[in-house]
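Hi,

Here is the structure I promised to pass on.

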Amino acid sequence: MRVYLDNNATTIVDPHVFEEMEPYFVQKYGNPNSLHSFASETHPALKDAMQRIYAGIHAPKEDSVVITSCATESNNWILKSIYFQYILTGRKNHIIVSEVEHPSVIATAKFIESMGCRVTYLPINHEGLVDAQSVRDNITDKTALVSVMWANNETGAIFPVEEIGEICKEHNVLFHTDAVQAIGKLPVDIQSFNVDYLTMSAHKFHGPKGVGALYIKKGKELIPLLHGGSQMGGYRSGTLNVPGIVGMGKAMEQAVDALDFEMSDVKEMRDAFEDELLKIKDTFVVTPREKRTPNTILISFRGIEGESMLWDLNRAGIGASTGSACASEDLESNPVMEAIGAEADLAHTAVRFSLSRYTTQEELDYTLEVVKNAVERLRGISSTYSYAPEGHESGLDAHH
Amino acid sequence: MGMDSLIGGTIWDEYSQKVTDLMNNPKNMGEITEEQAEAMGAKLIVADFGAESCGDAVRLYWAVDPKTDVILESKFKSFGCGTAIASSDTMAELCKGKTVDEAVKITNIDVEKAMRDTPDVPAVPPQKMHCSVMAYDVIKKAAAQYKGVDMESFEEEIIVCECARVSLSTLREVIRLNDLTTVEEITDYTKAGAFCKSCIRPGGHEEKDIYLVDLLEEYEKEKMATAADASASGANLDFAQMTVVQKLKAVDKVIDENIRQMLIMDGGDMEILDIKENGAHFDIYIRYLGACNGCASSSTGTLFAIENILKEKLDENIRVLPI
């Protein structure tokens, strides 16, 4: 049996999405910006897709949802554009981000920091949450932008974006949220609170890879990151990714339709699975359930290094994660676990299971059995659970 | 960069079959109790290394024959990734039947080589080499415990890169001999820094006492100091490019080394008053002292001698003008 429980990394493309994309490879391959029927035959589907994407986040027509190549591009764009427009010109000198943003925000923040921008990295608390008050405490009259993600990719923790948006409005500071982990898991209505920019990524909600978007509120225009042939209203040059946009539109429509299922059925399955996992002794979950996206569990198994757990899961055909897939090649522990300040010896033991509407009860039952066996085997190997003669001074707690 | 590094691979694909097999079924995983050691007539040694907070921790059990120092049985327990478990297992295997003194000589490189499927293909990807270092450290810990000595006493040298076991003295020597200026060059010459990269600069996986960047800086400073000394004495500079102070020092040096001695023997001396650029010429104003003052030769033979030696040693366009 193969079980995919890494849906915060990427998702299966919904077959209906793929079906709608298919004609735009071999049959309708025209460049939408040309002047002939090959071009114009792509227009109806593109218009539909844009309407679906706008509707998905309740964006009014006068605002812009610019299609990009991925969420990383969107996040780079907003931060670098703020740097060019506000920091480099000397109008402002400061931005605020949370310390657990996606690497595409953190690395870009560090880059503009190296170019002279002051950056505040907001800490998260013991539950893995950002305190909106800390935004207020750090805003100055020189703050250009606050960027705080809607939901965290590792813990699923939902951050108080409504409150933060309100604080930004009070202080007349621009507000961006990376909503990559929110779309399809939480109701996203940009008109229900103050937000100026919002990042999306199609492949996180059963759309294709290589398509993302940045929502830009009217009057909060950005300078382009990609200059060229003035596609996307001059905001983002580059030939339109027709199948990608079509796929993103369909995926958005389906995500909205499936939202209730996600928030009830998927959540129920997740909760029951989590209850069972927590019955295994010495297991820990950091963020309370009601403060998390409905599909995510980040759980620590004491005495088992995360990669070892992935190894045993993978041998049984199960795909999970120790955190951000982008970080799995280095040796570092889960940065979110470290930021939460969980007992240091648990930082390397975190494993993330992220479900989707495609996850079945049968898959979770199977996974639970595999996890139980893996815990038994790996704790059998683990020095944490090993014999020491009487009077032995353990050196295992000391840092080396 | 290049094609191979553009699309990240799965680190597990780079594990040898041996590593995979040992991770799945470690052979020497387990414990030795006091009772079991006693039954063998052996002394039980339990040594720990690492910490879960660092991501790797290993506990090594030895039953050592106190008469021969031979390790009769060797087992391990490990908190860590696949590489850590497989290399702990291999390490425990390599210890068996060796004396404690022989076991101390086992390095992480021996452990890694023992896990290879074919002699020239590494058993683990570079960033995982780090996880085998602990297997080496814990042997030292166990041996130290058995012998009642300090663990450091087994280290003959300071090791900067533990993964590739490159010492401080080797690095210093290679950097100087080959005039290395970048970390990449050091890695090319010594393999230091090619693995977990902790030793390159602060902020890596593990904190170090000394980093490769420190060694480069040390060498850079040394070169700068040498250059400064050289330029202060004007050794490597064209006379024309020297500052006034450097010119004065250079002229003084030449006079000291070639002329002053002769003047003093005759009961005289000279001093330099000024150096002026005069069109294409450098005019050096001097004053004779003691017996030289008023000596007939001072405006002929001696003067030509001084001028010629300065021309020869420093610059063709020097003229010496006694006041």
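**Domains**

In chain B, the C-alpha centres of domain 1 and domain 3 lie 73 Å apart. This is a predicted model, in which local features need pLDDT of at least 70 and side-chain atom pairs count only at pLDDT 80 or more, while totals for chains, interfaces and linings use all residues. Residues are numbered from 1 along each chain as its sequence is written, and chains are lettered from A and ligands numbered from 1 in the order in which they are written.

Chain B is split into domain 1 (1–155), domain 2 (156–232) and domain 3 (239–322); domain bounds come from an automatic or database domain assignment. For chain A the assignment gives domain 1 (15–255) and domain 2 (259–381). Their C-alpha centres are 28 Å apart. The contact between them takes 23 residues from domain 1 of chain A and 22 residues from domain 2 of chain A (two residues are in contact if their C-beta atoms, placed from the backbone, lie within 7 Å).

Helix α10 (residues 306–315) of chain A is mostly covered, with eight of its 10 residues buried. A residue is buried if 20 or more other C-beta atoms lie within 10 Å of its own, exposed if 12 or fewer, and partly exposed in between, with C-beta atoms placed from the backbone.

The buried residues of α10(A) include W311(A), M309(A), L310(A) and L313(A). What covers the buried residues comes from both chains: it includes β10 (296–301), β11 (318–319), β12 (350–354) and α12 (361–381) of chain A, together with α2 (17–24) and α4 (82–95) of chain B. After α10(A) comes G317(A), which has a positive phi near 85 degrees.

Now look from the chain B side. In α2(B), V19(B), L22(B) and M23(B) are buried. Seen down the axis of α2(B), these buried residues fall within an arc of 100 degrees, so they line one face of the helix (the arc is that of the directions from the helix axis to the C-beta atoms). Their cover includes α10 of chain A and α4 of chain B.

**Elsewhere in chain B**

Helix α11 (residues 244–258) has 15 residues and reaches 21 Å from its first C-alpha to its last, close to the 21 Å expected at 1.5 Å a residue; the expected span is 1.5 Å times one less than the number of residues. K247(B), A250(B), V251(B) and I255(B) are buried in α11(B). Its buried residues fall within an arc of 130 degrees seen down the axis, so they line one face of this helix too. V245(B), D256(B) and E257(B), on the other side of α11(B), are exposed. Among the elements covering the buried residues of α11(B) are β6 (268–278), β7 (281–290) and α13 (301–313) of chain B.

How do α8(B) and α9(B) cross? The axes of α8 (residues 168–178) and α9 (residues 183–190) of chain B come within 11 Å and cross at roughly 110 degrees. The two helices are therefore roughly perpendicular to each other. Axes are lines fitted to C-alpha atoms, for helices over the stretch in contact, and angles run from 0 to 180 degrees between N-to-C directions. Angles under 35 degrees count as roughly parallel, over 145 as roughly antiparallel, 65 to 115 as roughly perpendicular and the rest as oblique. T170(B), L171(B), V174(B), I175(B) and N178(B) in α8(B) meet I186(B), Y189(B) and T190(B) in α9(B).

A135(B) is in helix α7 (residues 130–147) of chain B and counts as buried, with 31 C-beta neighbours inside 10 Å. Beyond its neighbours within four places in sequence, A135(B) has contacts that include V58(B), M91(B) and V111(B).

**Loops in chain A**

V188(A) lies in the loop between β6 (174–178) and β7 (197–201) of chain A, yet V188(A) is buried, with 25 other C-beta atoms within 10 Å. Leaving aside neighbours within four places in sequence, V188(A) contacts I57(A), A179(A), A182(A) and I183(A).

H58(A) has a positive phi of about 60 degrees although it is not a glycine, and sits in the loop between α4 (43–57) and β2 (64–68) of chain A. H58(A) is partly exposed, with 13 other C-beta atoms within 10 Å. S230(A) also has a positive phi of about 60 degrees without being a glycine. Its place is the loop between β8 (212–216) and α9 (242–279) of chain A, and S230(A) counts as exposed, with 12 C-beta neighbours inside 10 Å.

Cheers

Technical notes: Helices (H or I, at least four residues) and strands (E, at least two) are DSSP runs, numbered from the N terminus.
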